[in-house]
Amino acid sequence: MFNGECKLAAIWLYSKDTSKAAGFYRDVLKMKQIEHGETNSFDGGGLRLSIHPARKSVKKVPNGECFLVFYVRKGLEKKYEELKKRGVSFVGGIENEPYGRTVQFKDPDGHDIFLWEPPSRDSGNFKNVAGIVNHYERILSRLED
């Protein structure tokens, strides 16, 4: 089914307060909002991030089952500091991983969000992520044209 016939088009998150969640993604993360209303959608650079209202019967918004990863070409520290100034509370500091550096925080509904900066191309660990980094770079170059 996913051999070219279907493409991942959107990520849906549920929220008890879609206005508050939309404000977070729009004002704090500075994502471009492309749909306003009960459901709020954002341009995710090739994917649509949609914030949907949780059903009234739901006591706790489902979260933790998946997470969002934002690719950072370079300058993770700068993004980290910018978000701290906008009021983001991080789960921890910047972590060094075999696949690069990450930092984790949560949106207002508790969904996990990571910023990920891959290892430098001259690093021995780059070969582990070269395929996905090259893919992201091709997409980003098209989006910037």
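1. Helix α3 contributes the most to the lining of the largest pocket, supplying 7 residues. The model is a predicted one, and what follows should be read with that in mind. Besides α3 (126–144), the elements that each supply at least two lining residues are β4 (48–53), β5 (67–71), α2 (76–85) and β8 (112–117).

2. The volume of this largest pocket comes to about 1400 Å³. There are 36 residues in its lining, and those closest to the pocket centre are Gly44, Gly45, Val69, Phe70 and Tyr71. Sorted by class, the lining of the largest pocket consists of 21 nonpolar, 10 charged and 5 polar residues.

3. Turning to the aromatic side chains, a search of the whole structure returns 8 aromatic pairs. One of them is formed by Phe24 and Phe105, whose ring centres lie 6.4 Å apart with the planes at 55°, so the pair is classed as tilted. Because Phe24 belongs to helix α1 (residues 18–28) and Phe105 to strand β7 (residues 100–106), the pair ties together parts that are 81 residues apart in sequence. Both partners are buried, Phe24 with a relative accessible area of 10% and Phe105 at 0% relative accessibility.

4. Tyr25 and Phe42 form another aromatic pair, also tilted, with 6.0 Å from centre to centre and 40° between the planes. This pair too links distant parts of the chain, given that Tyr25 sits in helix α1 and Phe42 in strand β3 (residues 40–43), 17 residues apart. Tyr25 has a relative accessible area of 0% and is buried, and Phe42, at 0% relative accessibility, likewise counts as buried.

5. A last point concerns Thr18, which lies in helix α1. Is Thr18 buried or exposed? With a relative accessibility of 11%, Thr18 falls under the 20% cut-off and therefore counts as buried. Its side chain reaches the backbone oxygen of Glu38 at a distance of 3.2 Å.

Terms used
Residues are numbered from 1 along each chain as its sequence is written. This is a predicted model: local features need pLDDT of at least 70, side-chain atom pairs count only at pLDDT 80 or more; totals for chains, interfaces and linings use all residues. Side-chain values use heavy atoms; hydrogens and water are left out. On a 1 Å grid over the protein atoms alone, a cavity is a set of points where a 1.4 Å probe fits but cannot get out, and a pocket is an open set with protein on both sides within 12 Å along at least five of seven lines; lining residues have an atom within 4 Å of a point. Grid points are joined across faces, edges and corners, and a volume is the space filled by probe spheres set on the points. Helices (H or I, at least four residues) and strands (E, at least two) are DSSP runs, numbered from the N terminus. Ala, Val, Leu, Ile, Met, Phe, Trp, Tyr, Cys and Pro count as nonpolar, Asp, Glu, Lys and Arg as charged, and the others, Gly among them, as polar. Rings of Phe, Tyr and Trp (its six-membered ring) pair if their centres lie within 6.5 Å; planes under 30 degrees apart count as stacked, over 60 as edge-to-face and the rest as tilted. Buried means under 20% relative accessible area, exposed over 50%, partly exposed in between (1.4 Å probe, protein chains only). A polar contact is a pair of N or O atoms within 3.5 Å; within protein, one must be able to donate a hydrogen and the other to accept it, and residues adjacent in sequence count only if both atoms are side-chain atoms.
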